[in-house]
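Here is a report on one protein chain. It works from single residues out to the whole fold.

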Amino acid sequence: MPLHPPGSDPARTMEEDLEQLVTLERLGFEEAWIGEHFTAEWENIPCPDLFIARALGATRTMKLGTGVSCLPNHNPLMLAQRIAQLDQLARGRFYWGVGSGGFPGDFELFGVNPQTGEQREITRAALDLILDIWNNPKPGLYESKYWRFRIPEPQEEIGLRLHLRPYQRPHPPIGVAGVTPKSETLALAGERGYIPMSINFVPARILATHWDAVEAGARRTGRRADRAVWRIARDVYVAETTERARRDVLAGTLARDWREYFLPLLRKIKMLDLVKVDPAMPDSAVSLEYLLDHIWIVGDPDTVAGKLDRLGRDVGGFGTLLVIAHEWEPREAWVRSMTLLTERVLARTP
């Protein structure tokens, strides 16, 4: 995302986020997705492309992605240029994650009414337009309720034209994030062969509908969906013993971030049902201990490996685990957790 409490120093926290990426690359992590949030102070990066441009110089092999560019927030022409330039800088180390957004404040900021579902229409229209601009930028007026721009006639003799295209052709790999059951954006991923990504706080019953949406979209266009490209995000913490791991998260950053941010946010937007293994559960049952037992992946290496194995069985298989970034304190315990995850958990997990 990453995550930092309101009032944090942006310069310091973003430097710490960069240091996390460097550590994770050293441990063998292959990719990182950076969120875009304008009105969520906990998620401190409104411009993930700028952060990624900085991170490219601090890393060597890790692929970096927007997680995600919320398309209703942007003029498609401007975003097309920024993403194309970023992909040129990355030279193959870039994924472009896209989505329709979900923060009420961001919708208000950009004049989008989520009650009508228009954010999804904007997302499809903007995405198609950006891909067209990259493939064949035709001169003329481009106008809708949400944007207006004109691509000028080229003057080839003196090199005046809209010229920049992505480094990866025809475009960088595109990822699409899903949250709600039977997510329409994940159906789009299936339709077009994009990377499907599922959010960190939904249980297996909703994750299963995410894959159903991917497969339904794939069937509409005659594609075959491949579970190996599916990313599932989780909150993960590993310690030498399960007792220590549980104690660390309940007394530390993970519990703080859920207690002070995720749970109040989900209650406010009336989406707390998303974290329930049983929709009939009362809201009061969604406690930190419930999350520890049913949503988070926490324990010693054997316990965490078993939970990941079960998650894979419950959803029918997936390809990549995305671990949510928190402001872990003490940092040494986080480094140990990620080391145990890579060396003693993922090394033995199918």
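## Leu272

Leu272 is buried, with a relative accessible area of 4%. Here buried means under 20% relative accessible area, exposed means over 50%, and partly exposed lies in between, using a 1.4 Å probe and protein chains only. Leu272 sits in the loop between α9 (253–268) and α10 (288–294). Helices (H or I, at least four residues) and strands (E, at least two) are DSSP runs, numbered from the N terminus.

Which residues does Leu272 contact, leaving aside neighbours within four places in sequence? They are Leu263, Leu266, Arg267, Asp283 and Val286. Contact means heavy atoms within 4.5 Å. For Val286, 14 residues apart from Leu272 along the chain, the C-alpha separation is 8.3 Å.

## Basis of the model

This is a predicted model: local features need pLDDT of at least 70, side-chain atom pairs count only at pLDDT 80 or more, and totals for chains, interfaces and linings use all residues. Residues are numbered from 1 along each chain as its sequence is written, and side-chain values use heavy atoms, with hydrogens and water left out.

Val176 belongs to strand β6. Its relative accessibility is 2%, so Val176 counts as buried. Not counting residues up to four places away in sequence, Val176 touches Val98, Thr185, Leu186, Ala189, Tyr194, Ile195, Pro196 and Met197. Val176 and Ala187 are eleven residues apart in sequence. Their C-alpha atoms are 9.3 Å apart in space.

Thr13 is part of helix α1. Thr13 is buried, at a relative accessible area of 1%. Beyond residues up to four places away in sequence, Thr13 touches His4, Ser8, Asn44 and Glu327. Gly306 is 293 residues from Thr13 along the chain, and 33 Å separates their C-alpha atoms.

## The nonpolar core

The largest nonpolar core holds 110 residues. A nonpolar core is a set of buried Ala, Val, Leu, Ile, Met, Phe, Trp, Tyr and Cys residues joined through side-chain atoms within 4.5 Å. Trp96, Leu127, Phe201, Trp258, Leu291 and Trp296 touch the most other members. Helix α5 (residues 118–135) gives the largest share of this core, eight residues. In soluble globular proteins, nonpolar side chains tend to be buried together.

Take Trp296 in detail. Leaving aside neighbours within four places in sequence, Trp296 contacts Asp235, Val249, Leu250, Leu254, Ala255, Trp258, Leu288, Leu291 and Lys307.

## Backbone exceptions

Most residues other than glycine have a negative phi, and most peptide bonds are trans. Where are the cis bonds given here? One joins Met1 and Pro2, with omega about -20°. Pro2 is in the segment before α1 (10–27). Another cis bond joins Arg169 and Pro170, with omega about 5°. Pro170 lies in the loop between β5 (148–151) and β6 (174–178).

Arg91 has a positive phi, near 50°, and is not a glycine. Arg91 lies in the loop between α3 (76–90) and β3 (94–99). Is Arg91 buried or exposed? At 60% relative accessibility, Arg91 counts as exposed. Lys182, also a residue other than glycine, has a positive phi near 50°. Lys182 lies in the loop between β6 and α6 (184–192). Its relative accessible area is 62%, so Lys182 is exposed.

## The whole chain

The protein chain has twelve helices and eleven strands. Of its 350 residues, 52% count as buried. Among contacts with a separation of 6 or more, residues 24 or more positions apart account for 74%. The radius of gyration, taken over C-alpha atoms, is compared with a globule rule of 2.2 Å times the number of residues to the power 0.38. A compact globule of 350 residues would come out near 20 Å; the protein chain has 21 Å, which agrees. The C-alpha trace spans about 70 × 45 × 40 Å along its principal axes.

The accessible surface comes to about 16,400 Å², and carbon and sulfur atoms hold 51% of that. Areas come from the Shrake-Rupley method with a 1.4 Å probe; for residues, only the protein chains shown count as cover. The chain carries 43 positive and 47 negative charges, with mean positions 4 Å apart. Lys and Arg count as positive, Asp and Glu as negative; His and the chain ends are not counted. Each charge is placed at NZ of Lys, CZ of Arg, CG of Asp or CD of Glu.
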